[in-house]
Amino acid sequence: MLEDCEAGIELYGTEVKSIRAGSVNLKEAWCEIEGGEIFVRGMHISPYEKGNIFNRDPLRPRRLLLHKRETARLYGLVKQQGLTLIPLSVYLKGSLVKVKVGLCKGKKLYDKRAVEAEKDARREIDRARKSRRD
């Protein structure tokens, strides 16, 4: 991660209640810049149990609230340097819900292969240790 920033997020009432209950998942979430605004996509907020008709789609895109200057700066970094915006965490700050967004650099193919080879080596070592114990 190269840098991070704090942003507000546009939510509906039942979504805020679900976040307060701790039912938010950022596993496959990413940020996208469209028309001068930043949206979080893939963030899953489970429907609120008592929300009935007021519940929204759990995977709908949600707008991040940043100053125009900050959005433009992030847009320039993403387009020129090939960086990616990733939501790192969702937390409460007083009565507001905030999202910590990180500016990250993706892995190259050779980096991914090295990590995979390292995992395989660890797995082989663990198997050897386990077979010696038995």
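How many salt bridges does the count come to? The count comes to 12 salt bridges, where a salt bridge is a side-chain nitrogen of Lys or Arg within 4 Å of a carboxyl oxygen of Asp or Glu.

Before the details, the ground rules. This is a predicted model: local features need pLDDT of at least 70, side-chain atom pairs count only at pLDDT 80 or more, and totals for chains, interfaces and linings use all residues. Residues are numbered from 1 along each chain as its sequence is written, and side-chain values use heavy atoms, with hydrogens and water left out.

Sheet first. Helices (H or I, at least four residues) and strands (E, at least two) are DSSP runs, numbered from the N terminus. Two strands pair if DSSP finds at least two bridges between them. Here 6 strands form an open sheet. The order is E3-E4-E6-E1-E8-E7, and the pairing is antiparallel. Which strands stand at the edges? Strand E3 (30-34) and strand E7 (84-93) do. Each has a single partner strand, so one side of each is left without a neighbour in the sheet. On average, neighbouring strands of this sheet are turned by 40 degrees against each other, direction ignored. Axes here are lines fitted to C-alpha atoms, for helices over the stretch in contact, and angles run from 0 to 180 degrees between N-to-C directions.

Zoom in on one pair. E7 and strand E8 (residues 96-104) pair in the antiparallel sense over 9 bridges. Leu 85 has Leu 103 in E8 as its bridge partner.

Now the helix on the sheet. Helix H2 (residues 68-81) lies across strand E1 (3-9), E3, strand E4 (37-41), E7 and E8. H2 runs at about 130 degrees to E1.

Next, the core. A nonpolar core is a set of buried Ala, Val, Leu, Ile, Met, Phe, Trp, Tyr and Cys residues joined through side-chain atoms within 4.5 Å. Buried means under 20% relative accessible area, exposed over 50%, partly exposed in between (1.4 Å probe, protein chains only). The largest nonpolar core has 24 residues. Which of them touch the most other members? Ile 38, Met 43, Leu 64 and Leu 85. E1, E3, E4, H2, E7 and E8 each give two or more residues to this core. E8 supplies the largest share, 4 residues.

Contact means heavy atoms within 4.5 Å.

Asp 4 forms one with Lys 100, the closest N and O atoms being 3.1 Å apart. This pair links distant parts of the chain: Asp 4 is in strand E1, Lys 100 in strand E8, 96 residues apart. Asp 4 is partly exposed at 34% relative accessible area. Lys 100 is partly exposed too, at 31%.

Second pair. Arg 63 forms a salt bridge with Glu 10, with the closest N and O atoms 2.7 Å apart. Arg 63 lies in strand E6 (residues 62-65) and Glu 10 in the loop between E1 and helix H1 (13-20), so the pair ties together parts that are 53 residues apart in sequence. Arg 63 is partly exposed at 25%, and Glu 10 is partly exposed at 37%.

Third pair. Arg 122 and Glu 118 meet in a salt bridge, 2.7 Å from N to O. Both lie in helix H3 (residues 109-133), 4 residues apart, about one turn of the helix. Arg 122 counts as exposed, at 51% relative accessibility. Glu 118 is partly exposed, at 43%. Salt bridges that share partners also join Glu 10, Glu 37 and Arg 63 into one network.

On to the cysteines. A disulfide is a pair of cysteine sulfur atoms within 2.5 Å. The search of the whole structure finds 0 disulfides. For Cys 5, the nearest cysteine sulfur is that of Cys 31, 8.6 Å away. Cys 5 counts as buried, at 12% relative accessibility. Cys 104 is buried, at 16%.

Last stop, Thr 14. Thr 14 is found in helix H1. Is Thr 14 buried or exposed? Thr 14 is buried, with a relative accessible area of 13%. Not counting residues up to four places away in sequence, Thr 14 touches Tyr 48, Gly 51, Phe 54, Asn 55 and Arg 56.
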